[in-house]
Amino acid sequence: MTVPTTGGSVSPTDGRIPLPLLPNHPLGRSAVTCQYRCANACSHEAPNSSDNAYFGDVVRSIVSRRGMLRAGAVLAVAGAGVGGVAGTAAAAPARDGGHGRPRGPKGLDFTAVAPNREDRIVTPEGYHDAVVIRWGDAVLPGAPAFDFDHQTAAGQARQFGYNNDFCGLVPLGHDAYLLGSNHEYTTESFMFKGYTAANPTEEQVKIGWAAHGFSVVRVERDRRSGKLVPKIDRRCNRRITVSTPFEFTGPAAGSQFLRTSTDPTGRRVSGTFGNCAGGVTPWGTILSGEENFNGYFGNGEKVTDPTAAARVARYGTPKGESVRKWERFDPRFDLAKEANEFNRFGWVVEIDPLDPGAAPVKHTALGRFKHEGATIQVARDGRVVCYMGDDERFDYIYKFVSKDRYRHGDRAHNKRLLTEGTLYVAQFTGDSPAAEFDGTGRLPADGEFDGTGKWIKLVSGDRSYVDGFTAEEVYVFTRLAADRVGATKMDRPEDVEPNPVNGRIYAALTNNTDRGKPGKEGPTEINPRNGNKHGHVLEWAETHGDHTATTFSWRLLLVCGDPNSPDTYFGGYDKTQVSPISCPDNVAFDRHGNLWIATDGNALGSNDGLFAVPVDGHYRGYLKQFLTVPVGAETCGPVVQDDFILVSVQHPGELDGASADNPLAHWPDGGTAQPRPAVAMVWKSGCRVGE
């Protein structure tokens, strides 16, 4: 059933969604969000200053366009056995048997929500939304009732943490799940009244330590309301914080670069932070990526050894004191006192929600960089493949292929699959002349941004494939190794996930306003716009549909922004019919293989949201906005089930000029309440989502 939306809509017959006329902070984020989440990364020089040859520079100098295999044909071959690849999308919706009614894409029969600046979740009419769990809600037995004005570190360690990002569900049985949620970062000026950034108290810092990390919470579906309700499960519920013991696994465990005065073995580390996206594995564990870890360390300029200083700089550590001043209360966050502690973050973490007594692990075989997340695909031969993006301007896309094979039902074996294998980095080649890319984002003459690529081997076990690097150095300083082999510089690669229906892989490239600036790399076919503030979505197919292959073919599905603008592209679909989208971040898929995209930092002036787009057939590129999150918030997660959707609403109310002393928004509790990050649920009674 097609349902009208609240507050405006777009459909194949209604015309384009109007854009709001409200001003916004550059890249759609408040200054305080940028400060606390990533230590103002975009205001500093991108840490990748390498001059590695770019994919097109080498290939186009020796191969003519005429001699290259067309990417469309290669994609069709590469997708054989996984549904193939559809041709160019139709410019208008198909008609239903001559009755004159548009026949929409399967699973997306809703009327798109209009852009807005409301302090609430806006969904299509007929859908319900509710908070599942919010910052400060009880997770563990004995957790105190949340009291904003009387917080304690001990209480927070038993409560749901702050700024939830990735969300995953591990089924327990009918309508019961374990919900796993990252707590990426804290925004102290929104957590404490009277907060002084220059002089935080020790208790405020310790509350911050407890508010980071990860939560595991049992949730059950209420049969009457349809809502997911959190439960205090003494056996399964868990809080993981900055103080929780972790173990290193894989070939770099025990490395000289991981040893510290408190852990001379280099095999154990306390805590996790900066956890962004992630994934649920086929064996029922949850992967979590440590992303903006660099901003938690202070005094990077005091690392005087030239080699060590270069390694620190490549990961973007700011000079001077850190944003939160943690180094004042724990010397491990002071690079001048404990330099190797820095190397113990930036990993993929694996947590087993079904075994709360097991120590979570950090997988060194997957490399160290700003992991947006990690998602798993079981290949035809049984090996598992992990896809990963490094969320930084001009950084790279990676994959890992396990040595051993997945065994159905053998969790103990499968939990070791990510400890040994081969790590690769991607190199992309366009198939059109370089002269066709002038930074405006206009399509090349062949009508698509497309090409081929290869996976460059970095390391396997104790063998390095990078000249001048030991295997140990590749694992711990992966960015520098990828620089050396000439990986393709991308526009902030974030979530990278395989589509379970067509077998292709999709990556969100959020933005890169530095592209084309003096001294910076200019436009190329895979990153076609200078000053790219809206981002794009990449799609590729591994050769012959084999996820362990070392070659692939790619094309851009979306070049995001205002559909009225000539520098946008929606898979070839009629742009008068689509929703505007800016800054894609997290991705997910429904059972039809439609791509769902969560945004972060809408540079079009409206709230972030969740969008859905078909990737095959007549409707390829027909993007529709399903919901918007409250003002100031980022859309994270998401989880797309047949009968409900979860989104993590991160940093709601974080607006310029706002703080705990001056809240300018009040979701989810309304009235004069302080805004609180939360996991929210959207569903429609008696229907599958989108039907």
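## Aromatic cluster

In this predicted model, ring pairs join W209, F273, F293, Y296, F297, Y315, W326, F333, F342 and F345 into a cluster. Rings of Phe, Tyr and Trp (its six-membered ring) count as a pair if their centres lie within 6.5 Å; planes under 30 degrees apart are called stacked, over 60 edge-to-face, and the rest tilted. The search of the whole structure gives 43 aromatic pairs. In one of them, the ring centres of F297 and F342 are 5.3 Å apart and the planes stand at 90 degrees, so this pair is edge-to-face. F297 lies in the loop between β12 (286-290) and α7 (306-314), and F342 in the loop between α7 and β13 (348-351), so that the pair links distant parts of the chain, 45 residues apart. Helices (H or I, at least four residues) and strands (E, at least two) are DSSP runs, numbered from the N terminus.

F297 and F342 are both buried, where buried means under 20% relative accessible area, exposed over 50%, and partly exposed in between (1.4 Å probe, protein chains only). F297 also pairs with F345: the ring centres are 6.1 Å apart and the planes at 55 degrees, so this pair is tilted. Because F345 is in the loop between α7 and β13 while F297 is in the loop between β12 and α7, the pair ties together parts 48 residues apart in sequence. F345 is buried, as is F297.

## Six-stranded sheet

An open sheet has 6 strands in the order β10-β9-β14-β13-β12-β11, and its pairing is mixed. The edges are β10 (268-270) and β11 (275-280); each has a single partner strand, so one side of each has no neighbour in the sheet. On average, neighbouring strands of this sheet are turned by 30 degrees against each other, direction ignored; the axes are lines fitted to C-alpha atoms, for helices over the stretch in contact, and angles between N-to-C directions run from 0 to 180 degrees.

Two strands pair if DSSP finds at least two bridges between them. Strand β9 (residues 245-249) pairs with strand β14 (residues 361-363) in the parallel sense, over 3 bridges. F248 stands opposite K362 in β14.

## Helix α10

Helix α10 (residues 478-485) has T478, R479, A481, A482 and D483 as its buried residues. These buried residues pack against α7, β17 (393-395), β18 (397-405), β19 (421-430), β20 (450-460) and α9 (471-476). After α10 comes G486, with a positive phi near 80 degrees.

## Cysteines

The search of the whole structure finds 0 disulfides, a disulfide being a pair of cysteine sulfur atoms within 2.5 Å. For C583, the nearest cysteine sulfur is that of C560, 8.2 Å away. C583 is buried, at a relative accessible area of 0%. For C636, the nearest cysteine sulfur belongs to C276, 6.6 Å away; C636 is buried, with a relative accessible area of 0%.

## Confidence and conventions

The protein chain has a mean pLDDT of 89, and 87% of its residues reach 70 or more; pLDDT is the predictor's confidence in each residue, from 0 to 100. Over residues 1-25 the pLDDT stays under 50, and the model has 75 contacts for them beyond four places in sequence, a contact meaning heavy atoms within 4.5 Å. Residues 53-101 also have pLDDT below 50, with 104 contacts in the model beyond near neighbours in sequence.

Local features need pLDDT of at least 70 and side-chain atom pairs count only at pLDDT 80 or more, while totals for chains, interfaces and linings use all residues. Residues are numbered from 1 along each chain as its sequence is written, and side-chain values use heavy atoms, with hydrogens and water left out.
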